[in-house]
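Here is a brief report on the structure shown below.

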Amino acid sequence: MNTMELQGKVGIVTGGSSGIGFQIANVLAEAGAIVYNISRTGKPKDGYGNSAEGVIHIKGDIGDFQAMEKLTKEIADKNNGAIDFLINNAGASFKCRAEEFPEDQFDRVMDINVKYVFFMSKIAYPYLKKAENRGRIVNITSMSAHLGFSQVVPYCASKGAVLSMTKGLAVEWAQDNICVNSIAPGWFKSELLKEVLDPEREKKILARMPLHCYGDTRDLGAMARFLVGPDSAYITGQDFAVDGGALAFGY
């Protein structure tokens, strides 16, 4: 693989101030892309250090669709009216048993994980259509799109929705010069994981996969790099598990 295979490409990552999004943005920039990293902080969170050259942090609320339309157009205007990729990474969860789950937290999880993914894709659509060698959307799903987990049922539902959305958009936009795929992370150290993790759950998680360890978030960046790069133009509607073998693990 050419180490600068994304030279000249321009795209957006959402929720990239830490964790998975932070490293995805870094890996794409290291391959030559200009990456506009949109987050609530507009900068890396404490402890994450500096981003790779080519990552441009922007403070923004992806739920403000009018602001996102303006920002996306500004980014495209710098790139001959096109955007090459969109990584829908921003996500939210809340730990609570289903029978006690608050309505406001349910709405928050569904808005960030499903509604905002759809509308960011819709906003980027006219610019992705103009990309050379196909525009790319990469959504972040989860093991929760494939397996059931207690105390995060709405999160499971939201990621299942993103998986189905990925397939639907891939079919609908196949003739519009856009490929749509998703990545299903296994267990990686992230701010989102910290929100739902406890020692008992961690023990179960690490026992539930053949490799019995957390992954390196740069592996997710490498998968994203492939999916937005020149060698994946014939791949669409697929979900790629980067999970230490968890989905393959029998009993």
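## A pair at the end of the sheet

A184 has A241 as its bridge partner in β7. The model is predicted. Strand β6 covers residues 178–185. Four bridges join β6 to β7, and the two run parallel.

Helix α7, residues 217–228, lies across this region.

Seven strands make up an open sheet with parallel pairing. The order is β3-β2-β1-β4-β5-β6-β7. The edges are β3 and β7 (239–242). Each has a single partner strand, so one side of each lacks a neighbour in the sheet. On average, neighbouring strands are turned by 20 degrees against each other, direction ignored.

How much of strand β2 is buried? Five of the six residues in β2 (residues 34–39) are buried, so the strand is largely enclosed by the rest of the structure.

Strand β2 pairs with strand β1 (residues 10–14) in the parallel sense, over five bridges. Within this part of the sheet, V13 has N37 in β2 as its bridge partner. The chain gets from β1 to β2 through helix α1 (residues 19–30), and this β-α-β crossover is right-handed.

Strand β3 (residues 55–59) is also joined to β2, by five bridges, and the two run parallel. Here I38 stands opposite I58 in β3.

## The loop at N79

N79 sits in the loop between α2 (65–77) and β4 (85–88).

Leaving aside residues up to four places away in sequence, N79 touches G8, V10 and D84. With D84 there is also a polar contact, side chain to side chain, at 3.4 Å. V10 belongs to the range of strand β1, residues 10–14.

## V171, an exposed helix position

V171 lies in helix α4, residues 153–172. Its relative accessible area is 67%. Exposed means over 50%, so V171 counts as exposed.

Which distance separates V171 from G237 in space? The C-alpha atoms of V171 and G237 are 7.1 Å apart. In sequence, the two residues are 66 residues apart.

## The chain as a whole

The protein chain has seven helices and seven strands. Along the sequence they follow the pattern β-α-β-β-α-β-α-β-α-β-α-α-α-β.

Overall dimensions come next. The C-alpha trace spans about 50 × 40 × 40 Å along its principal axes. A compact globule with 251 residues would have a radius of gyration near 18 Å. The protein chain has 17 Å, which agrees.

Of the 251 residues, 51% count as buried. Among contacts with a separation of 6 or more, 73% come from residues 24 or more positions apart.

Methods
Residues are numbered from 1 along each chain as its sequence is written. This is a predicted model: local features need pLDDT of at least 70, side-chain atom pairs count only at pLDDT 80 or more; totals for chains, interfaces and linings use all residues. Side-chain values use heavy atoms; hydrogens and water are left out. A polar contact is a pair of N or O atoms within 3.5 Å; within protein, one must be able to donate a hydrogen and the other to accept it, and residues adjacent in sequence count only if both atoms are side-chain atoms. Contact means heavy atoms within 4.5 Å. Buried means under 20% relative accessible area, exposed over 50%, partly exposed in between (1.4 Å probe, protein chains only). Two strands pair if DSSP finds at least two bridges between them. A crossover is right-handed if, with the strands pointing away from the viewer, the path from the first strand over the helix to the second runs clockwise. Axes are lines fitted to C-alpha atoms, for helices over the stretch in contact, and angles run from 0 to 180 degrees between N-to-C directions. The radius of gyration is taken over C-alpha atoms; the globule rule is 2.2 Å times the number of residues to the power 0.38.
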